[in-house]
Structures are given as C-alpha cells and as structure tokens.
Amino acid sequence: TLRWVGEGGEELERLRLDPEAFCAWSVPGNVTGGLVYGHYGRPQDLAQLRARGVSARGHLMLLRLGRGTPAQQVVAAAGAGAVGVLLYPDPRDTAGPGGSPKLGGDTAVTVHVQEGAGDPFSRGFPSFTGHAPPGPPPGVPLI
C-alpha cells in the first residue's frame, strides 16, 4: 500500500499496489540498492542532486511520473548511474474526479519506458517472422 501524507501529517490518499506490475519494454531482472529521490528525473533535478553531493550510482531512483516521458526519466536515471527506477504517480500531478488532485483507489497507471511508439524491434513496419533480432531492442533503457 502506498500512502500520501499531507504537510500536517494527515493521510491524503492510500493506494493498493500490485507487486507484479512492471513497465513494458523494461529490462527484466532484480536489483538491490539504496533509494535516491530524484523528483521528476529531469536534467535540472539530477544536477541539483549532484550539487548536494548525492550520487545515484548503484542506487534505485524514486521518480514522480510527469514532466517528461517515462522513457526520458529512466534513460536519465541510467545516465546518472542508477541501477533501477521506481516510477510513481503523485496525486498532485493527476486530476481525479471533479478535478481534485487525487488518483482514486482503483486507478491503473500504465506506462512504457522505450523511446518512441510501437514494437522497438520493428519500428515503422510490421513484424512478420516472429523472431526478434539479436541484442537489446533499440530505444529500450538498459536498467
């Protein structure tokens, strides 16, 4: 369960999380490391971490969805040395019923972390053979 807590410590919202969820076209595997909060993972966010002497190298980055594509966020985190990324939707960035900043208990968040759209193995044309070329697909982050 993920809880959002307000400035005064009051619980704003509670969401159930699916431990089996993943981002499509992400690299499979398990990683372990400390946790570094990187706001949205934008260049200015990562520069602010560096200026404060915080390194993402060897750590997982916790990033808010938004202010760029999930693919851009994961690529930036990988470039900063992170071994994995946890993306989360902040209710303040998402309008709920009636425009209130809230996700709602049954909101499903689906994202992919590849650059571009479609099947990364067959950009711009259909895949007929059913066989993927060797190597990692283009546009997919390495973490």
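Reader: In which helix is aspartate 45 found?

Author: Aspartate 45 is found in helix H1. Helices (H or I, at least four residues) and strands (E, at least two) are DSSP runs, numbered from the N terminus. Please note that this is a predicted model, in which local features need pLDDT of at least 70 and side-chain atom pairs count only at pLDDT 80 or more, while totals for chains, interfaces and linings use all residues. Residues are numbered from 1 along each chain as its sequence is written, and side-chain values use heavy atoms, with hydrogens and water left out.

Reader: Which elements does the chain contain, and in what order do the elements run?

Author: The chain has two helices and five strands. From the N terminus on, the order is β-β-β-α-β-α-β.

Reader: Is aspartate 45 buried or exposed?

Author: The general idea is a cut-off on relative accessible area: buried means under 20%, exposed over 50%, and partly exposed in between (1.4 Å probe, protein chains only). Aspartate 45 has a relative accessible area of 7%, and therefore counts as buried. Of the 143 residues in the chain, 27% are buried. For a contrasting case, consider glycine 29, in the loop between strand S2 (11–15) and S3. Glycine 29 counts as exposed because its relative accessibility is 63%.

Reader: What does aspartate 45 touch?

Author: Contact means heavy atoms within 4.5 Å. Not counting residues up to four places away in sequence, aspartate 45 touches Gly38, His39 and Tyr40. The side chain of aspartate 45 reaches the backbone nitrogen of tyrosine 40 at 3.1 Å.

Reader: Which residues of H1 are buried, and why do they lie on the same side?

Author: An α-helix has 3.6 residues a turn, so residues three or four places apart point the same way. In H1 (residues 43–51), the buried residues are Asp45, Leu46 and Leu49. They lie on the same side of H1 because they cover an arc of only 95 degrees around the axis, the arc being that of the directions from the helix axis to the C-beta atoms. Pro43, Arg50 and Ala51, on the other side of H1, are exposed. The buried residues of H1 pack against strand S3 (35–37), strand S4 (60–64) and helix H2 (70–79). After H1 comes glycine 53, with a positive phi near 80 degrees.

Reader: Which residues of H2 are buried?

Author: Pro70, Ala71, Gln73, Val74 and Ala77 are the buried residues of H2. Because they cover an arc of only 165 degrees around the axis, they are on the same side of H2. Their cover includes S4 and S5. H2 is followed by glycine 81, whose phi is positive, near 100 degrees.

Reader: How many bridges join S3 to S4, and how many join S4 to S5?

Author: Two strands pair if DSSP finds at least two bridges between them. S3 and S4 run parallel and are joined by three bridges, with valine 36 opposite methionine 61 in S4. The chain crosses from S3 through H1 to S4 in a right-handed β-α-β crossover. A crossover is right-handed if, with the strands pointing away from the viewer, the path from the first strand over the helix to the second runs clockwise. Five bridges join S4 to strand S5 (residues 84–88), and these two strands also run parallel. Leucine 62 stands opposite leucine 86 in S5. The crossover from S4 through H2 to S5 is a right-handed β-α-β crossover.

Reader: How many of the residues of S4 are buried?

Author: Four of the five residues of S4 are buried. Arginine 64 belongs to this strand and is buried, with a relative accessible area of 9%. The side chains of arginine 64 and tyrosine 40 are joined by a polar contact of 3.0 Å. Leaving aside neighbours within four places in sequence, the contacts of arginine 64 include Gln73, Tyr88 and Asp90.

Definitions and conventions: Polar contact = N/O pair within 3.5 Å; in protein donor to acceptor, adjacent residues only side chain to side chain.
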